[in-house]
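User: Hey, could you walk me through this one? I'd like to talk about charged side chains first, then the overall picture.

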Amino acid sequence: MSIVHRPSDETLAAFAAGQLDEGLAVVVACHVEADQESRRRLRELEAVQGALLDTVEPVAMASGPTDAATAAPAEPSSATAPMSEAGMPQVLRPYGLGPWRPIGIRIAMRRVEVPGADARVFMLRAGPGIALPHHKHTGFEWTTILAGAYEHEYGRYTAGDFDEADAEHDHTPRVDPVEGCTCIVAMTGSVQLQGWLGRLLQPLVRF
């Protein structure tokens with residue numbers, strides 16, 4: 001696993017401070033669990049924030065994805081931590097997973113139940129060589145690759161990579177022709193399919 005794409009400093013700082021919507025935080029936590037470099041950056045941010053908090057009265061905090069992603073024994077000796085045998089990050093254990101449901105030819109989706117989250121969280125599994133429609137978003141689309149790979153206008157994303165897209169991005173993901181791709185996605189707003197085919201398919205988009 002060679003991780004190239006990581007969350008922005010702003011995103012990781014908000015994650016460390018517990019300021020993200022939990023749906024978005026879960027997808028960041030899946031990346032952090034897999035990537036030693038992001039865990040190192042996260043500890044640095046938490047140290048800075050902890051030093052600032054030393055000057056104020058402490059309050060109790062609930063555990064969340066940040067705790068799960070950085071808790072022992074998730075500190076490996078190698079550069080990256082492997083996903084679980086089934087490709088399922090440990091941080092997902094507290095959350096309910098729906099069944100895989102087909103949403104297109106060789107594309108399936110399962111919902112990840114994150115109570116109280118504004119973002120919709122789901123896992124997506126696409127077969128080798130699938131090209132998703134050209135689209136953009138009205139909100140965030142944050143993705144952590146769990147297995148396989150895809151590429152689009154902003155680069156190639158393999159297992160453990162974090163793809164941080166917002167309303168400024170539009171892209172046409174193309175799934176690896178050999179490995180296919182399984183990923184977890186948190187999305188706010190809506191998907192806006194582009195082109196005549198996209199406009200035709202837009203009424204069918206439900207995720």
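Analyst: Let's start with E44, which counts as partly exposed because its relative accessibility is 43%, where buried means under 20% relative accessible area, exposed over 50% and partly exposed in between, using a 1.4 Å probe and protein chains only. Keep in mind that this is a predicted model, where local features need pLDDT of at least 70, side-chain atom pairs count only at pLDDT 80 or more, and totals for chains, interfaces and linings use all residues. Residues are numbered from 1 along each chain as its sequence is written, and side-chain values use heavy atoms, with hydrogens and water left out.

User: OK, which residue does E44 form a salt bridge with?

Analyst: That's R40, with the closest N and O atoms 2.4 Å apart. A salt bridge here is a side-chain nitrogen of Lys or Arg within 4 Å of a carboxyl oxygen of Asp or Glu. E44 and R40 are both in helix α3, four residues apart, which is about one turn of the helix. Shared partners join E37, R40 and E44 into one network of salt bridges.

User: And how far apart are the closest N and O atoms of E37 and R40?

Analyst: 2.6 Å in that salt bridge. E37 and R40 also both lie in helix α3, three residues apart, again about one turn.

User: Is R40 buried, exposed or partly exposed?

Analyst: R40 is partly exposed, as its relative accessible area is 34%. E37 counts as partly exposed too, at 29% relative accessibility.

User: How many salt bridges are there by this rule?

Analyst: The count comes to five. One of them pairs the side chains of R41 and D9, at 2.5 Å from N to O. That pair links distant parts of the chain, 32 residues apart: R41 sits in helix α3 (residues 36-53) and D9 in helix α1 (residues 9-16).

User: Why does R41 count as buried?

Analyst: Because its relative accessible area is 14%. D9, on the other hand, counts as exposed, at 52% relative accessibility.

User: Switching topic: how many helices and strands are in the protein chain?

Analyst: Five helices and 12 strands. Both are DSSP runs numbered from the N terminus: H or I of at least four residues for helices, E of at least two for strands.

User: What share of the protein chain is buried?

Analyst: Buried residues are 44% of the 207 residues. For contacts (heavy atoms within 4.5 Å) between residues at least 6 apart in sequence, 67% join residues at least 24 apart.
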